[in-house]
Amino acid sequence: MTGIEELLLSRIRDVQDYPEPGVVFKDITPLLADPAAFTALTDALAEISVRSGATKIVGLEARGFILGAPVAVRAGLGFIPVRKVGKLPGATLGQTYDLEYGSAEIEVHAEDLSADDRVMVVDDVLATGGTAEASLQLIRRAGARVAGVAVLMELGFLGGRARLEPALDGAPLEALLKV
């Protein structure tokens with residue numbers, strides 16, 4: 001295990017039986033509260049984004065905003081929020097996707113992405129991959145190219161990587177931690 005992995009893991013708290021019995025929630029708020037750990041995380045995700053040739057960072061609501069915005073600033077790139085449906089004013093593109101118990105929809109401002117953009121999706125956790133997959137579809141529908149997906153933590157037992165692989169179409173998926 002590398003030094004950054006040890007630092008990040010030491011600042012992630014397990015919360016038993018949240019949000020329901022039998023679930024162990026990975027709480028990143030202690031990591032965000034620690035300036036050294038938050039800076040290390042931001043720098044690592046910014047380095048991945050620059051290495052990929054990204055021109056924009058997409059952050060997925062809501063914790064992807066917390067991580068994606070400072071990553072974009074650190075990397076010298078633009079930041080684009082992907083929001084839940086109905087939260088953005090003006091013209092949007094929407095993408096519906098299936099959840100465990102139903103469906104959801106995300107949106108982006110149509111004019112924020114162009115054919116010249118290579119977009120890195122940043123989020124805190126890759127779980128089942130549904131939201132990330134929908135964001136990749138949305139990025140391509142907006143005419144931009146996918147530079148990759150970068151996350152703090154991948155919950156491997158939920159199979160998100162396998163679900164996301166076809167949508168990545170060869171773009172990298174990088175997780176700083178795998179649980």
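Which residues lie nearest the centre of the largest pocket? They are Arg63, Val125, Ala127, Thr128 and Leu158, out of 37 lining residues. A word on the source: this is a predicted model, where local features need pLDDT of at least 70, side-chain atom pairs count only at pLDDT 80 or more, and totals for chains, interfaces and linings use all residues. Residues are numbered from 1 along each chain as its sequence is written, and side-chain values use heavy atoms, leaving out hydrogens and water.

Now, terms. A pocket is an open set of points on a 1 Å grid over the protein atoms alone, where a 1.4 Å probe fits, with protein on both sides within 12 Å along at least five of seven lines; lining residues have an atom within 4 Å of a point. Volume is the space filled by probe spheres set on the points. Here that gives about 1,400 Å³ for the largest pocket. Its lining has 22 nonpolar, 5 polar and 10 charged residues, with Gly counted as polar and Ala, Tyr and Pro among the nonpolar ones. Strand S7 gives the largest share, 4 residues.

On to the sheet. Helices (H or I, at least four residues) and strands (E, at least two) are DSSP runs, numbered from the N terminus. Strands pair if DSSP finds at least two bridges between them. Seven strands form an open, mixed sheet, ordered S5-S6-S4-S3-S7-S8-S9. S5 (92-99) and S9 stand at the edges with a single partner strand each, so one side of each has no neighbour in the sheet.

Take S8 (residues 145-154) and S9 (residues 173-178). They pair in the parallel sense over 5 bridges. The chain crosses from S8 through helix H6 (residues 160-168) to S9, and this β-α-β crossover is right-handed: with the strands pointing away from the viewer, the path from the first strand over the helix to the second runs clockwise.

S3 (residues 56-60) and S7 (residues 118-126) are also parallel, over 4 bridges. There, isoleucine 57 stands opposite methionine 120 in S7.

Last, the backbone. Tyrosine 18 to proline 19 is a cis peptide bond, omega near 5 degrees. Proline 19 sits in the loop between S1 (13-16) and S2. Aspartate 17, in the loop between S1 and S2, has a positive phi of about 60 degrees, though not a glycine. Another cis bond joins glutamate 61 and alanine 62, omega about 0 degrees. Alanine 62 lies in the loop between S3 and helix H4 (63-75).
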